[in-house]
Amino acid sequence: IKECDWSSDVCSSDLRALGYKTTIETNGTILPEDRTRFRQVDLWSVSPKLPGTQTTTAGEEARLTDLSAWLSFDRSDSISRLQLKFVITHVQKDVEAVWDMLAAINDLVHVPVFLVPNGDAFATDAKEGWKLFRKILEEVHDPAWGRFNICILPQIHVLVWGRKRYV
């Protein structure tokens, strides 16, 4: 597959002609230029950095993901091209941050929301990884979370290959 110049339709149309679907995972701080660019990608996996994981250099503020803007792009289309993914490291603090982000937005039922235990827990000790998984499950067991399309998934690639790169 060639490197794509997303400033044109060439790449996505070439890939679609070959039967491929495109997915872009992003922290979501930069939006596509317009709805046309949004529609060129089959699935946008927006994975906002939670407050405890954002790093900045001196004098620089962390850029927050504007989920409302992403949702406005998504609602303009007949099919959903959006999913949200949150990597959970510190269960109580991170799940609370996710709740705050999601609760501020109306009508998220059509958008899949993945809560993913940080793969480092599985990479060092699978039992610790599953313990983290269960803690997340317990946190979102509250019926109030039912208004969201929540799915809790481990990082399968970490379970299978550990932290190896390029596998």
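Colleague: Why is Asn 118 called buried?

Modeller: Keep in mind that this is a predicted model. Buried means under 20% relative accessible area. Asn 118 has 16%, so Asn 118 counts as buried.

Colleague: Where is Asn 118 found?

Modeller: In the loop between strand 4 and helix 5, which covers 119–124.

Colleague: What makes the pair Asn 118 and Thr 89 a polar contact?

Modeller: The limit is 3.5 Å between N or O atoms, with one able to donate a hydrogen and the other to accept it. The side chains of Asn 118 and Thr 89 are joined at 3.0 Å. That value is within the limit, so the label holds.

Colleague: Which residues does Asn 118 touch, not counting those up to four places away in sequence?

Modeller: Val 87, Ile 88, Thr 89, Leu 132, Gln 155 and Arg 163.

Colleague: How do you know whether Leu 102 is buried or exposed?

Modeller: Its relative accessibility is 0%. The cut-off for buried is under 20%, so Leu 102 is buried. Leu 102 sits in helix 4. Beyond four places in sequence, Leu 102 touches Leu 84, Phe 86, Leu 108, Val 113, Trp 145, Arg 147, Phe 148 and Ile 150.

Colleague: What makes a set of residues a nonpolar core here?

Modeller: The residues must be buried, of nonpolar kinds such as Leu, Val or Phe, and joined through side-chain atoms within 4.5 Å. The largest such core has 31 residues. Among those with the most contacts inside it are Leu 84, Phe 86, Leu 102 and Leu 115. Strand 3 (82–88) and strand 4 (112–117) are among the elements that give it two or more residues. Helix 4 gives the most, with five. In soluble globular proteins, nonpolar side chains tend to be buried together.

Colleague: Which residues is Phe 86 in contact with, leaving aside neighbours within four places in sequence?

Modeller: The list includes Pro 48, Leu 67, Val 98, Leu 102 and Leu 115.

Colleague: Why is Ile 152 called buried?

Modeller: Ile 152 has a relative accessible area of 14%. Ile 152 belongs to strand 5, residues 149–152. Its C-alpha atom is 4.8 Å from that of Leu 115, 37 residues apart along the chain. Leu 115 is also one of the residues in contact with Ile 152, as are Pro 117 and Phe 133.

Colleague: Why does Leu 159 count as partly exposed?

Modeller: Partly exposed lies between the two cut-offs, under 20% for buried and over 50% for exposed. Leu 159 has 35%, so Leu 159 is partly exposed.

Colleague: What makes up the nonpolar surface patch?

Modeller: Trp 130, Ile 156, Leu 159, Val 160, Trp 161 and Val 167, with about 570 Å². A patch residue needs over 30% relative accessible area, so Leu 159 at 35% passes that cut-off. Helix 7 (residues 156–161) gives the most to the patch, with four residues. Leu 159 lies in helix 7.

Colleague: How many helices and strands does the protein have?

Modeller: Seven helices and five strands. Along the sequence the pattern is α-β-α-β-α-β-α-β-α-α-β-α. Of the 167 residues, 38% count as buried.

Conventions: Residues are numbered from 1 along each chain as its sequence is written. This is a predicted model: local features need pLDDT of at least 70, side-chain atom pairs count only at pLDDT 80 or more; totals for chains, interfaces and linings use all residues. Side-chain values use heavy atoms; hydrogens and water are left out. Buried means under 20% relative accessible area, exposed over 50%, partly exposed in between (1.4 Å probe, protein chains only). Contact means heavy atoms within 4.5 Å. Patches are made of residues with over 30% relative accessible area and no salt bridge: like charges are joined within 9 Å, nonpolar side chains (Val, Leu, Ile, Met, Phe, Trp, Tyr) within 5 Å. Accessible areas come from the Shrake-Rupley method with a 1.4 Å probe; for residues, only the protein chains shown count as cover. A salt bridge is a side-chain nitrogen of Lys or Arg within 4 Å of a carboxyl oxygen of Asp or Glu.
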